[in-house]
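This report describes the fold of a protein chain, from its overall composition to selected helix pairs and individual residues. The sequence and the structure are shown first.

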Amino acid sequence: VAPVAPVEPWDQPQPAAAPRLAPMPPMPPMPPVDVWAHPMLAGDLDDDVREQAEQAREMAREMAEQTREQEREISQQAREAAQQAREMVRESLNIDSEIAGMKFRFDGLIPPAAFAQDKVLVRGSEGGLYQRGQNDIENHRWDQALEDFSQVAARGGTRADGALYWKAYTLHRLGRREEAMAAIAELRKSYASSRWLDDAKALEVEIKQSSGQKVSPEGESDEELKLLALNGLMQSDPERALPAVETLMKSGQSPRVKQHALFVLAQNSSPRAQQLLEQVARGGGNPDLQLLALRYIGEGRRKQGTAGPLLSEVYASTSDVNVKRAIINALASGREKDRLLQIAKTEKAVDLRMEAIQSLGSGSDQAELWQLYQAETSPEVKQQILSLMSRGANTDKLVEVARTDKDAKLRRSAIRSLSSMKAANSGDALVSIYASEQDQQVKRTIIDSLCGQNNVKGLVTLARSEKDSQMRRDLVNRLAGMHSKEAEDYLLELLNK
């Protein structure tokens with residue numbers, strides 16, 4: 001029998017292809033089904049389950065309503081917060097734009113350079129550069145310190161002589177002795193009566209003694225050793241530190257060492273230590289030491305309320321603007337409003353009067369503020385007093401200013417202050433002032449203020465009495481944008497004429 005040849009898979013007959021099915025049409029959307037109305041469930045669920053389901057739905061509705069109520073409350077709180085923020089911005093604009101507060105720390109042994117000012121001037125200002133230069137010295141950033149003090153010295157302001165001293169000091173630490181001596185010479189020539197000359201003389205002696213010796217700013221100098229010894233003695237035995245500090249303060253040590261010694265004095269409550277601190281506060285040392293002592297006294301004696309008499313005494317005896325400014329800051333920190341008020345009454349310099357009035361705050365006696373306003377000659381200071389009167393809600397006096405002050409800018413300022421008040425009669429007062437006002441800008445300020453109050457009645461009253469066609473068109477245009485029946489009635493009245 002002949003063998004059967006194998007059959008290859010591709011030689012086998014293939015089944016016929018299945019017929020192609022037509023695609024199914026898409027299912028129509030199912031209508032929503034209430035499961036509780038389903039016929040199967042309707043018969044199976046008892047009344048208790050149905051009641052529970054109904055309670056669940058009711059709870060869901062209540063929760064949704066509570067959520068909506070909370071959202072409304074949050075929106076209201078957000079609006080109130082925004083209003084408060086706007087008020088804070090307005091108040092902050094009344095503060096000298098070159099001054100920002102810095103909290104004084106008095107709770108440990110910290111480099112005095114950190115407290116060189118209670119209020120630090122903004123970056124780029126003379127005081128800001130001077131402060132930054134001192135911080136750079138404290139952190140051994142000599143090149144940066146040199147740049148800062150060079151800029152201050154070049155400006156020739158109230159800190160230029162101190163900047164020249166610190167420039168020489170920094171150059172000495174950088175090993176550039178000839179340039180340091182040149183800076184000292186410039187200090188002597190340009191500021192022959194400077195209180196920095198004694199320190200400059202001591203620095204000059206130190207530079208000459210170190211002549212020919214290699215100086216490394218990163219190396220530990222004799223000054224650094226003194227600071228470390230002073231800090232260590234203060235921590236271990238403050239009483240023993242006092243005689244050493246007194247000796248340092250009277251010696252020819254650098255101002256940097258004396259600053260640390262002054263801090264040790266401020267930490268010591270003994271009568272002798274406080275007496276030495278007061279001597280420096282009265283001017284027994286360079287200006288930087290005096291400013292530092294004044295701030296230590298202001299902060300250290302705040303709770304006892306004993307700093308005021310000394311600060312006022314020093315203020316009356318000095319002509320140094322920086323010292324006076326430091327005293328104003330210290331009095332403000334101690335809430336010595338009577339003494340600040342006295343400065344505001346008697347100080348001849350406009351900027352210092354301004355600072356004293358700013359420091360009085362919104363809780364000032366309104367009668368005193370009004371007396372200040374009447375006696376004041378500077379429009380800028382008067383503007384600041386108006387701000388305090390506004391924060392004190394002194395409506396009557398603001399109305400008087402808006403009616404009678406000869407300066408149109410001050411009248412406008414008083415009007416804007418009135419518009420922000422919630423007093424019921426402020427709107428009527430603005431309408432009354434408008435009737436007698438001749439200045440067009442002031443009248444427009446009144447219109448703006450009434451619009452800000454949404455005072456439709458007042459605007460209609462002005463529109464009825466206004467004779468100037470342009471001003472009346474402005475009033476009508478304002479009323480047209482208000483959704484008020486009273487405004488619409490007046491507009492219809494105009495159409496029917």
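E437 touches A402, R411, V442 and K443, not counting residues up to four places away in sequence. The model in which these contacts occur is a predicted one. E437 sits in the loop that links α21 (426-436) to α22 (440-452). With a relative accessibility of 9%, E437 counts as buried, because the cut-off for burial is under 20%.

T318 is located between α13 (308-317) and α14 (321-333). Its relative accessibility is 16%, so T318 counts as buried. A polar atom of the T318 side chain lies 3.1 Å from the backbone nitrogen of D320. Once neighbours within four places in sequence are set aside, T318 is in contact with V323 and K324.

**Overall composition**

The secondary structure of the protein chain consists of 25 helices and two strands. Of the 497 residues in the protein chain, 40% are buried. When contacts between residues at least 6 apart in sequence are considered, 57% join residues at least 24 apart.

**Nonpolar cores**

The largest nonpolar core holds 84 residues, and L262 and L479 touch the most other members. Not counting residues up to four places away in sequence, L262 touches M249, L277, V280, L289, L292, A293 and Y296. There is also a second, separate core of 24 residues, and Y130, F149, L164 and Y165 are included in it.

**Helix packing**

| Helix pair | Angle between axes | Axis separation |
|---|---|---|
| α3 (residues 126-138) and α4 (residues 142-155) | roughly 155 degrees | within 8 Å |
| α5 (residues 160-173) and α7 (residues 197-209) | about 15 degrees | 10 Å |

The axes of α3 and α4 cross at roughly 155 degrees, which makes α3 roughly antiparallel to α4. Their crossing is left-handed. On the α3 side, the contact is made by E126, L129, Y130, R132, G133, Q134, D136 and I137, while α4 contributes W142, Q144, A145, D148, F149, Q151, V152 and R155.

For α5 and α7, the angle is about 15 degrees, under the 35-degree cut-off, and the two helices are therefore roughly parallel to each other. The crossing of α5 and α7 is left-handed. The residues in contact are Y165, A168, Y169, H172 and R173 of α5, together with D199, A200, L203, E206 and I207 of α7. Y165 is also included in the second core.

**A residue of helix α7**

L197 belongs to helix α7. Leaving aside neighbours within four places in sequence, L197 is in contact with L187, R188, Y191 and A192. The C-alpha atoms of L197 and G162 are 9.5 Å apart in space, although the two residues are 35 apart in sequence.

Definitions and conventions
Residues numbered from 1 in each chain as written. Predicted model: local features only at pLDDT ≥ 70, side-chain atom pairs only at ≥ 80, totals over all residues. Heavy atoms only, no water. Core = buried A, V, L, I, M, F, W, Y, C linked by side-chain atoms within 4.5 Å. Buried < 20%, exposed > 50% of the residue type's maximum accessible area, 1.4 Å probe, protein only. Contact = heavy atoms within 4.5 Å. Helix = DSSP H or I, 4+ residues; strand = E, 2+ residues; numbered from the N terminus. Axes fitted to C-alpha atoms, helices over the stretch in contact; angles between N-to-C directions. Parallel < 35°, antiparallel > 145°, perpendicular 65-115°, else oblique. Left-handed = near helix turned anticlockwise from the far one by under 90°. Polar contact = N/O pair within 3.5 Å; in protein donor to acceptor, adjacent residues only side chain to side chain.
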